[in-house]
Amino acid sequence: MKKIYGIGIGPGDAELLTLKAYRLIEASSCVFIPENKGDSLAGRITNEYIKDKRVIELSFPMGADNQERYIQGAALINDTLKEGESGVFLTLGDPMTYSTYAYLMRALVDLKIDTETVPGITSYNAAAALLGLPVALRDESFYLADGDVSEDILKKIDTVCILKVSKNKQDIISKLERNGFHYYYVKRCTQESQSVITDKEGILADKDYMSLIFARRS
Ligand SMILES: C[S@@+](CC[C@H](N)C(=O)[O-])C[C@H]1O[C@@H](n2cnc3c(N)ncnc32)[C@H](O)[C@@H]1O
């Protein structure tokens, strides 16, 4: 049987890969990486570990409906691996958190390719560490959201992290302010160009997709 390890490579700092991720990449001859508009952040992060291995890029444009591409990607993996061979698919953060891999995995399973998932450090874990703020303390609840927040949920929780905020920041910030949250905009967390923006104007002016808003009840 062919096998793919779906590996979470963390938020950007190459030292934030798990030992298991590192070992599996080292042991693999075939590395599959997601590519978007000619660039692969996952490839750049793991560059020093991939070295001269065979790298195959799978194109998954960010923010697009890639359903057909997951099927094509799985077919390419199937054609590339020999019977009994395994490869790794590298994905940012954690593979089971708003990740391309979760969709690709379904298409791989449909082709009877064995899969094993290796968890990674998420962007929100990295942001919490950078900000020195807990994700959750005793009796608290945490809300992870994608591109928008529900005010009904905000009223019941203590900490929230919103990913993919680039298109809807004004609305998100208004909801956070109305519900008594102190918020931080974290961009490219653990990467060379990492920054934290707290003033509203600065947050609204920024356009980077690799950004999130982390907020705690004041
Ligand atoms: C498709 S999701 C991937 C989430 C990823 N699987 C994880 O575990 O964090 C992409 C979104 O994750 C967030 N993200 C990923 N890496 C980030 C980083 N280093 N700094 C800030 N936000 C990041 C951004 O909100 C971005 O729009």
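Modeller: Lys2 is buried, with a relative accessible area of 14%. Keep in mind that this is a predicted model.

Biologist: Why does Lys2 count as buried?

Modeller: Because its relative accessible area is 14%, and buried means under 20%.

Biologist: Where is Lys2 placed?

Modeller: Lys2 sits in the segment before strand S1, which covers residues 3-8.

Biologist: And which residues does Lys2 touch, leaving out those up to four places away in sequence?

Modeller: Asn78, Leu81, Lys82, Glu83, Gly84 and Glu85 are on the list, together with Ile113 and Asp114.

Biologist: Changing topic. How many helices and strands are there in the chain?

Modeller: Nine helices and ten strands.

Biologist: Take helix H6. Which of its residues are buried?

Modeller: H6 runs over residues 123-131, and Tyr124, Ala126, Ala127, Ala128 and Leu131 are buried there.

Biologist: What covers the buried residues of H6?

Modeller: The cover includes five strands: S6 (142-146), S7 (159-163), S8 (181-187), S9 (195-197) and S10 (211-217).

Biologist: What comes just after H6?

Modeller: Gly132, which takes a positive phi of about 70°.

Biologist: Now the domains. What does the assignment give?

Modeller: Domain 1 is 3-118 and domain 2 is 123-217. Nine residues from domain 1 and 14 residues from domain 2 take part in the contact. The C-alpha centres of the two domains lie 27 Å apart.

Biologist: What about the overall dimensions of the chain?

Modeller: The C-alpha atoms fill a box of roughly 55 × 35 × 30 Å along the principal axes.

Biologist: How much of the chain is buried?

Modeller: Buried residues are 48% of the 218. As for the accessible surface, it comes to about 11,000 Å², and carbon and sulfur atoms hold 48% of that surface.

Biologist: What share of the contacts between residues at least 6 apart in sequence joins residues at least 24 apart?

Modeller: That share is 69%.

Biologist: Last one, charges. How many side chains are positive and how many negative?

Modeller: There are 27 positive and 31 negative side chains, and the centres of the two sets lie 2 Å apart.

Notes:
Residues numbered from 1 in each chain as written. Predicted model: local features only at pLDDT ≥ 70, side-chain atom pairs only at ≥ 80, totals over all residues. Heavy atoms only, no water. Helix = DSSP H or I, 4+ residues; strand = E, 2+ residues; numbered from the N terminus. Buried < 20%, exposed > 50% of the residue type's maximum accessible area, 1.4 Å probe, protein only. Contact = heavy atoms within 4.5 Å. Areas by Shrake-Rupley, 256 points an atom, 1.4 Å probe, with all protein chains shown as cover. Lys, Arg positive; Asp, Glu negative; His and termini not counted. Charge placed at Lys NZ, Arg CZ, Asp CG, Glu CD. Domains from an automatic or database assignment.
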